[in-house]
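Please look through the structure below before reading on. The paragraphs after it go from the surface to the overall fold and then to a single residue.

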Amino acid sequence: MAKKSMIAREKKREALVAKYAAKRAELKEIANDESKPMEERFKARLKLAKLPRNSSATRLHNRCQLTGRPHAYYRKLKVSRIALRELGSAGQIPGMVKSSW
């Protein structure tokens with residue numbers, strides 16, 4: 001199980017990303033539009049830099065929904081390999097059988 005503080009930090013980041021997504025997209029569009037004057041593009045970049053760092057989507061990290069583990073994450077199932085193995089052994093995932101020999 002991951003530390004509660006790390007899980008809470010990740011949820012806080014998700015909320016910030018959702019809150020600032022539209023504003024970031026708008027500023028990036030202005031900054032990358034080469035038909036606009038250089039001063040306007042530069043001002044958009046400065047405004048983008050003033051936004052909180054954690055509002056950037058690249059700072060998000062996938063975590064297991066059950067345990068909060070950040071490594072060995074299966075995107076399709078949104079769980080880690082350890083949780084996947086436990087669920088498979090318990091018969092909770094349709095079509096998955098844990099092999100043993």
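The protein exposes about 8,200 Å², and 53% of that area comes from carbon and sulfur atoms. Accessible areas are computed by the Shrake-Rupley method with a 1.4 Å probe, and for residues only the protein chains shown count as cover. This is a predicted model, in which local features need pLDDT of at least 70 and side-chain atom pairs count only at pLDDT 80 or more, while totals for chains, interfaces and linings use all residues. Residues are numbered from 1 along each chain as its sequence is written, and side-chain values use heavy atoms, with hydrogens and water left out.

The protein has 3 helices and 2 strands, arranged along the sequence as α-α-β-β-α. The radius of gyration is 20 Å, well over the 13 Å that the globule rule gives for 101 residues, so the protein is more spread out than a compact globule. Helices (H or I, at least four residues) and strands (E, at least two) are DSSP runs, numbered from the N terminus. The radius is taken over C-alpha atoms, and the rule is 2.2 Å times the number of residues to the power 0.38. Along its principal axes, the C-alpha trace spans about 70 × 30 × 20 Å.

Ser 56 lies in the loop between helix H2 (38-50) and strand S1 (73-74). Its relative accessibility is 15%, so Ser 56 counts as buried. Beyond its neighbours within four places in sequence, Ser 56 contacts Val 17 and Arg 24, where contact means heavy atoms within 4.5 Å.

Note on methods:
Buried < 20%, exposed > 50% of the residue type's maximum accessible area, 1.4 Å probe, protein only.
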